Amino acid sequence: MTSSSEPFTTRPDTTLTSIPPQVRVQLIDILNQTLATSVDLKTQIKQAQWNVKGSQSYQLYELFDEIAGELSVFIDLLAERIVSLGGLAMGTARTATKQSVLPEYPLHNTESKDHIASLAERLAIFGSLLWENIDRASILGDADTAYLYAEVSVVIDKRMWLLDALLLSSQVDVNHQIACYN
């Protein structure tokens, strides 16, 4: 997960948490990768928000802004959890690009349906990462971190459902227009 052999910690032995230091180091590493991916996802959503065009552009602009705002809250929660475990939160844009599990956002997207499809794909990848990390935190015995991941996952799942519904409705509209034209 990290590019160096050094975990992203300050001194995990300086916190009074009951989680053993060697477990905290693993949790901090997992959380920092999620933090980086969250920062990357937020910037990709902002890219879509700024460049969306089409008949639903205003509504999508507002929706994308809302999702980015939710991610800002999650980013803070992840960073605070890292620090509470004795770690150093690594949340810069440069760190995000190195540590994120997301593919690069297609900068050529301008149409609503293209942005919706690209963001749905990225939210699905992020959702999978969250579920994986719920399990990892549970195995490591950290119910608080697992709960944090679960809380974020619920919101991401809801947003994926909404984007999937928008994709389906855009396909229905296109199919209806084709049927009417023929």
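1. Helix 2 is followed by Gly86, whose phi is positive, near 95°; helices here are DSSP runs of H or I with at least four residues, strands are runs of E with at least two, and both are numbered from the N terminus. The model is predicted, so that local features need pLDDT of at least 70 and side-chain atom pairs count only at pLDDT 80 or more, while totals for chains, interfaces and linings use all residues. Residues are numbered from 1 along each chain as its sequence is written, and side-chain values use heavy atoms, with hydrogens and water left out.

2. On the overall architecture, the protein has five helices and zero strands, and reading along the sequence gives the pattern α-α-α-α-α. Of the 182 residues, 43% are buried, where buried means under 20% relative accessible area, exposed over 50% and partly exposed in between, with a 1.4 Å probe and protein chains only. Among contacts (heavy atoms within 4.5 Å) between residues at least 6 apart in sequence, 77% join residues at least 24 apart.

3. Helix 1 covers residues 21-51, and at 1.5 Å a residue its 31 residues should span 45 Å, which agrees with the 45 Å between its end C-alpha atoms; the expected span is 1.5 Å times one less than the number of residues. Because 22 of these 31 residues are buried, helix 1 is largely enclosed by the rest of the structure.

4. Helix 2 passes the corresponding check, since its 28 residues should span 40 Å at 1.5 Å a residue and its end C-alpha atoms are 40 Å apart. Its buried residues include Leu60, Phe64, Leu71, Phe74 and Arg81.

5. The largest nonpolar core has 46 residues, and those with the most contacts inside it are Ile45, Phe64, Phe126, Ile156 and Leu163; such a core is a set of buried Ala, Val, Leu, Ile, Met, Phe, Trp, Tyr and Cys residues joined through side-chain atoms within 4.5 Å. Helix 1, helix 2 (57-84), helix 4 (112-139) and helix 5 (143-181) each supply at least two residues of this core. Leaving aside neighbours within four places in sequence, Phe64 is in contact with Ile45, Ala48, Gln49, Val52, His115, Ile116, Leu119 and Leu163.

6. Helix 1 and helix 4 have axes that come within 11 Å and cross at roughly 165°, the axes being lines fitted to C-alpha atoms over the stretch in contact and the angles running from 0 to 180 degrees between N-to-C directions. That makes helix 1 roughly antiparallel to helix 4, given that angles under 35 degrees count as roughly parallel, over 145 as roughly antiparallel, 65 to 115 as roughly perpendicular and the rest as oblique. The residues making this contact include Leu27, Leu41 and Ile45 of helix 1 and His115, Leu119 and Phe126 of helix 4.

7. Helix 2 and helix 4 pack at an angle of about 20°, with their axes 11 Å apart, and are therefore roughly parallel to each other. The contact is made by Ser57, Leu60, Phe64 and Leu71 of helix 2, together with Ser112, His115, Ile116, Leu119 and Phe126 of helix 4.

8. Asp142 deserves a separate entry: this residue lies in the loop between helix 4 and helix 5 and is buried, with a relative accessible area of 2%. Not counting residues up to four places away in sequence, Asp142 touches Ile19, Leu27, Arg81, Leu85 and Ala137. The C-alpha atoms of Asp142 and Arg24 are separated by 9.0 Å, although these residues are 118 apart along the chain.
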